[in-house]
Every structure is written in structure tokens, then in C-alpha cells.
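Morning, everyone. I have one structure to show, and a few side-chain pairs to walk through. Here it is on the screen.

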Amino acid sequence: MKNLLILILALMAYACNGTKSQNKETATIAADSIPHYGGIYAFGDTLQHERAYGKAYIYPENDSTLIFYVFISNGAPSYNSGSIDGKISVHNGKATFRTRFGDAETECVLYFDFRGDTLTIVQKNDECQCGFGNGVYLEDEFSRITSEIPSYFVTITNDKVYFKEWETMGTEDVETPYPGIDSRFIDLFPDLVLGQEHERGKLIPQEMIDEFLPDVPEMFGNDVQSKFYATGKIMDYRGMNLFILDHEGIRENEGTYDNHTDSIRFVLRYNKNNQPVATMTEDGNLPRTIDYIQSRYYGEGGEESLHSYFDQDTTLLSVQQASNFDISTDYQFPLISHKEYRWRIGDEGTIEITKLELSSPFYDRACLKKEKWYTETDEMECQRHYPTIKSQCPLLTFYNNEVSEIRILRFYLKRIGDELFPVFEVSDSEDTIDQYTVGKPDENIQQSDVPSVSSIFKSPVIIKTSDGDVEWFPGKGHIKLKEQ
């Protein structure tokens, strides 16, 4: 828990060699209301194939989730080519796709930017981690050639794949050691009412836990007397069935200073055949996939709570509060955060952050003046009380996909004469870009322009200080005192 907040929200399927492209056709389906991203996009010499060309097939699964298939070729004389398909969540016309092929060391990352009838797709770098042919790199602007929704695409190997069946293509259900469920279990769960707080459901009988969820109690500790409640279900959620459970546990002989976690609400994923979804780990294990959406932790390291519910669009709205104490930070005072954000089961990372406030007695100069830390000259002794310039505390790490830049917000106390001053620095991986010193606003540093791009932050990060609210809008603005 030392890092208060960190938000950062293959063996190739084939070798990087050339494969001559095939002609591709598509059938279309009518739709009363066609999502504005859907259709077929293309660039280059799609007829003669003498020059570089490509096509992108976009199939809207719902109003914000798209299934895509992209094919590109260098054209003559090599005809080296590549293709990739996947699922993305689009927000304000932008999306990021990440995947990893086999045991490759780096991810394949693609950035999508929809602007009217233009689609720009950019690969993060030109290495071969996306499985394309030799010298094939995706950084192209596609123009929409039809707004009709494609029903299928044809792969490089000339296989026809229907988008409605895409979820099961090449992803046969992995046999898991966990039992499936039937109507007895399903009927215990009411349909979840979206857009409001979810009430705890009925107690699940122990015999049903033993039959359908024999592995789940172990996740909460063998020394815990567990009870599980059927809070709700969402059927056919992005190709899965979701079951939301509440856990209530009693641990015998629990000491006062032991770590406690309670008020746990979690989601179990099942496929359409009502078999549990599991994820293969690098060491060959196959743990059940669980998403925790509510919990409360308290103990020697501090307190932290997470509270979430499903909105009308099945997006999860979450509030996370944390107060990290000296056992976890080594500091004299706690570091406190309040974060509100949106995310979705099955997506990696956070969709958007609507609020983030940071506070601490460290940020109040009146509080610091009561301490005598400035009389200590030993660097190691100071670090036992507060972060110093040599041991800065990272509060937030933000990676901006659109400009491929990282920004880190750090905090430390700086000694000036006989006083200590809170300092907040924004840097990339190496250099300081912005700096704000509480109590000395005229000495702030702003060394670079901030690109005007969107990010997952929908409002500035607010730091509560004795100067007032200091704000930083990642990807949009410098760190500065908020205007009154």
C-alpha cells in the first residue's frame, strides 16, 4: 500500500513473415439504427494490390463496444501482410486495444480514433508483437466505404468468420476443475436492477455452495466461517452470465491488530453453457475469474473501501476511499484519497475517472509547523517521518495513450531554512515538468506545454492544501492553485 494510487485507467501466432493477401468480400445486414462507428473502412490500393492497402471491418456489439477485424498489406513486390481482430470499448471516439501473443515479452497495443467517416489506427511501436508480416506496421488512416454493418469477414487463411460467432472463434471453453451451474443455482438470483444500489439477496444454502462453489470458500481463508448471499444476476452480458454474491465471514480468534476485510461483494463469470470462466496463469494454474466490486479493509496499514454498482448501461460506478497509515507508508501522517470512476467487467483498466481528491496533514503547513522534524539533519531519520526529495512518494501514475507519454505525480517535504514545505512534482520517467510548492506559489515550475488531448480524467485531480485546492488535469493542464 506504499504507492497510494497507481492508475495506469506473443510467442507470435505466426512468425513475422509475408503472406500474400486474399480478396475479401462481405455480406451485410440491415439495421434500423446503425451505430455511427460501424461499417467497412479502407485505404490504399484495394483493387490492384500493387501498393499498400488495408481494410477494417467494424461490427458494433452495443453502443460502446465494437468487434473489429483489420487486414493490411505492403502490396507489391513482397505482399507482406498481417491481420488482427479483437474487441474494443469506444469512448468519445477513441479506444485502446491490448493483447499479448503467447509468451511474448511485450504487448500488442493499437490506438483507434474515429472521426466521422475516418478511422485512424496506430500501432504503439514498430516491433513485431502484433504478429504482422515483415516490415508491416499499422499506422494508417482508413476512410469509411460503407456504413452497412458487416455480418462476417474473411481471414488471411480464407476462413469466413461471422461476427455473431466471433466470441467463440478459436476460444473453445477451457475445461476447468470447477463445476457448472444449473437452474437451481440460477433461480436463486434475482435479475439485477440496474442504475441503483444493489441490496443483499437471499442466503445461499450450504449444500448448494458445496455442490456448485466448493472452491470459493477457500478464497476467503480456511479459518473463516463464510456465508454467501445471492444478490443478483445479469444474463447474456457480453457473451457471459454474471452472478453477484455477497460474502459474510467470521474469523475465530482474530487479534485486534490483524488485517480485516469484510463487506465483500464479488462477481462470478460463467459462459453461455453455464460453465465457470477461468484464466490460465503463466505457471499453468487455472484460477476461477472473480471481480471484486465491494469491500472494506482495515488494519495496521490503514483503511480502504470500495463500493460499486451497475449503472443502466451495465457500466460499474465505483467509489474508492483509502487512508494509508504509517505501517504501510513509513510516514508519520496518513495519505488519504477519494476516487470515483467507471469500469466494465471484461475490460482492462478504467474507462473514466470522474473525481479524484488527495489530502493529508502533510499538505497543511500549520500542521507541519507543530513538528520539529526540520531540526533533524540525518536523511534516513527524516525518511522515517515523511518523504524527502531523495525518497519522493508517488501519488499517481498516468499513461496517456494518445501521445505515448507517462506522467507521475510525486510528493515530498522540502526544507527551506527552519521550515518544511510540501512539494508536488509532475514528471515523466526522468525529468520534472511541473512543480507546485505549498506556501511558495510564486516559485512554481512549469517547464513544458501540455498537449491538448483527452484522457480518462473527466475532471482535475484535486489536492487539498493549506494554500487551497491545488489542481492538476493530466494531459490537459499544469499543476496549479485552483482559481477561486
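I will go through the salt bridges, then turn to one serine.

First, a caution: this is a predicted model. Keep that in mind throughout.

How many salt bridges does the structure hold? The count is 15.

Pair one is Asp113 with Lys94. Their closest N and O atoms sit 3.1 Å apart. Asp113 belongs to strand 7, residues 108-115, and Lys94 to strand 6, residues 94-99, so this bridge ties together parts 19 residues apart in sequence. Buried or exposed, these two, Asp113 and Lys94? Both Asp113 and Lys94 are buried.

Pair two is Arg288 with Asp215. Here the N to O distance is 2.8 Å. Where do Arg288 and Asp215 lie? Both are in loops. Arg288 is in the loop between strand 16 (260-270) and strand 17 (290-299), and Asp215 is in the loop between helix 2 (206-212) and strand 14 (224-237). The pair therefore ties together parts that are 73 residues apart in sequence.

Now the accessibility of that pair. Arg288 has 6% relative accessibility, so it counts as buried. Asp215 has a relative accessible area of 12%, and is buried because the cut-off is under 20%.

Arg342 sits in strand 20, residues 335-343, and Glu352 in strand 21, residues 352-359. So this bridge ties together parts ten residues apart in sequence. Arg342 and Glu352 are both buried.

On to the serine, Ser318. Ser318 lies in strand 19, residues 316-324. At 2% relative accessibility, Ser318 is buried.

What does the side chain of Ser318 make polar contacts with? One partner is the side chain of Ser308, at 2.6 Å. Another is the side chain of Trp343, with a polar contact of 2.7 Å.

Set aside neighbours within four places in sequence. Ser318 is then in contact with Leu306, His307 and Ser308, and also with Lys339, Glu340, Tyr341 and Trp343. Ser308 and Trp343, the two polar partners, are in that list.

To recap: 15 salt bridges in the structure, and a buried Ser318 with polar contacts to Ser308 and Trp343. Over to you for questions.

Notes. Residues numbered from 1 in each chain as written. Predicted model: local features only at pLDDT ≥ 70, side-chain atom pairs only at ≥ 80, totals over all residues. Heavy atoms only, no water. Salt bridge = Lys/Arg side-chain N within 4 Å of Asp/Glu carboxyl O. Helix = DSSP H or I, 4+ residues; strand = E, 2+ residues; numbered from the N terminus. Buried < 20%, exposed > 50% of the residue type's maximum accessible area, 1.4 Å probe, protein only. Polar contact = N/O pair within 3.5 Å; in protein donor to acceptor, adjacent residues only side chain to side chain. Contact = heavy atoms within 4.5 Å.
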